[in-house]
Amino acid sequence: MSATPVPQPAAANSHRSASPLHDLVYGHIHASALRAVVVHRIPDRLADAPLTAEQLAADAGIQAGPLHRVLRLLAVRGIFQQDAGGAFALTSAGHSLRTDMPGSQRDAVLLFTDPMFRRSAESLEDTLRTGAPGFDSAYGLPLFDHLSSHPDDSRLFDTAMSSLTSGVNEQIADSYPFPGTGRIVDVAGGRGGLLRAVLTRHPGLTGLLFDRPETVTDHLLGTAELADRWQTEGGDIFTAVPASGDLYLLKNVLHDWPDEDCLRILTSIRRAAATGTKLLVIDAVLPDDGTPHPAIALDIVMLMTLRGRERTHAEFERLLSGAGFRINRTVRTPALTSIIEAEAV
């Protein structure tokens with residue numbers, strides 16, 4: 001099968017990099033190649049020393065020829081590097097795909113190359129016609145409804161979210177001046193990675209992790225260091241949020257939902273929070289003037305899979321004020337996200 005012709009350079013032995021257009025066209029190929037090596041645990045097999053495709057294939061029980069070609073492609077993309085003898089080694093990006101690395105991105109790769117996301121992306125053309133998420137078109141129901149009835153997909157989603165935010169949680173915990181004492185309620189906090197990072201740094205704090213019952217069951221809070229300082233509770237963020245928190249956390253939640261649902265979530269928190277209580281909304285904040293921002297790509301993921309979106313500061317301000325909160329300040333972090341400190345009024 002021939003590809004679209006690309007103009008060739010005048011010199012026979014020279015070459016040029018692919019154009020931005022062709023990088024886009026071939027993007028799904030690179031993602032498929034990355035998924036293939038992760039599924040067959042090639043990064044794990046390269047943890048100790050460089051190996052040839054033949055050695056890797058024999059160890060993994062796969063074909064050496066195709067593997068060599070896939071590794072060569074991913075070497076161009078900076079995941080592996082090939083030495084003069086033909087052996088492949090991991091780059092720093094490649095090491096992040098090992099299962100034994102802190103903050104491993106293996107589960108994140110498996111999620112974003114999973115059929116759930118592939119089919120959602122393929123349905124973007126329908127989204128442009130209907131406005132509905134591609135996931136809904138592909139699966140016939142919303143993403144979170146699908147996860148509730150498919151335990152394996154739900155587990156992959158939760159572990160991928162944990163891997164995506166493992167280093168980010170520490171950056172967030174270090175970026176905000178959390179109080180020395182009090183009770184933190186982490187609303188829709190997943191497995192509790194951020195809450196664990198905050199409690200670990202502040203021994204005077206206690207915390208409550210609140211999310212779907214099936215999610216909090218698989219929490220990350222059961223460490224000796226945090227003994228007797230945490231609780232979990234399952235429930236519905238739209239119905240009621242645990243009261244009596246001295247500080248509420250809402251990390252990477254509002255971007256999952258359209259404005260009307262965000263108002264329901266924020267109103268639920270406002271009912272639980274006493275006047276003067278602070279809420280930290282932790283999300284990417286797009287520039288109001290349209291300046292390029294890395295979260296613009298994440299905004300398309302929201303378009304594909306959910307009815308949410310990434311928002312500007314002005315859009316967050318409208319949501320929060322509509323639910324009875326006032327923004328005090330916004331704290332930037334080294335991560336993609338910023339921390340919007342709001343106060344119940």
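**View 1. The open sheet of 7 strands in the predicted model.** In this predicted model, an open sheet of 7 strands shows mixed pairing and has the order β5-β4-β3-β6-β7-β11-β10. Strands here are DSSP runs of E with at least two residues, helices are runs of H or I with at least four residues, and both are numbered from the N terminus; two strands pair if DSSP finds at least two bridges between them. The edge strands, each pairing on one side only, are β5 and β10 (325-332). From one strand to the next, the twist averages 20°, where axes are lines fitted to C-alpha atoms, for helices over the stretch in contact, and angles run from 0 to 180 degrees between N-to-C directions. Residues are numbered from 1 along each chain as its sequence is written. Local features need pLDDT of at least 70 and side-chain atom pairs count only at pLDDT 80 or more, while totals for chains, interfaces and linings use all residues, and side-chain values use heavy atoms, with hydrogens and water left out.

**View 2. Strand β4 and its two partners.** Of the 7 residues of β4 (residues 205-211), 6 are buried, that is, under 20% relative accessible area with a 1.4 Å probe and protein chains only. Strand β3 (residues 182-187) runs parallel to β4 and is joined to it by 6 bridges, with V187 having F210 of β4 as its bridge partner. The chain passes from β3 through helix α13 (residues 193-201) to β4 in a right-handed β-α-β crossover; right-handed means that, with the strands pointing away from the viewer, the path from the first strand over the helix to the second runs clockwise. Strand β5 (residues 230-234) also pairs with β4 in the parallel sense, over 5 bridges, and there W230 stands opposite G207.

**View 3. Strand β6 and the helices packed on the sheet.** Strands β3 and β6 (residues 247-251) run parallel and are joined by 3 bridges, with D186 standing opposite L249 in β6. Helix α12 (residues 151-175) packs on the sheet and touches β6, β7 (278-283), β10 and β11 (338-344), contact meaning heavy atoms within 4.5 Å; the direction of α12 makes about 145° with that of β6. Helix α15 (residues 259-272) also packs on the sheet, where it touches β3, β6, β7, β10 and β11, and its direction makes about 165° with that of β6.

Note on methods. Buried < 20%, exposed > 50% of the residue type's maximum accessible area, 1.4 Å probe, protein only.
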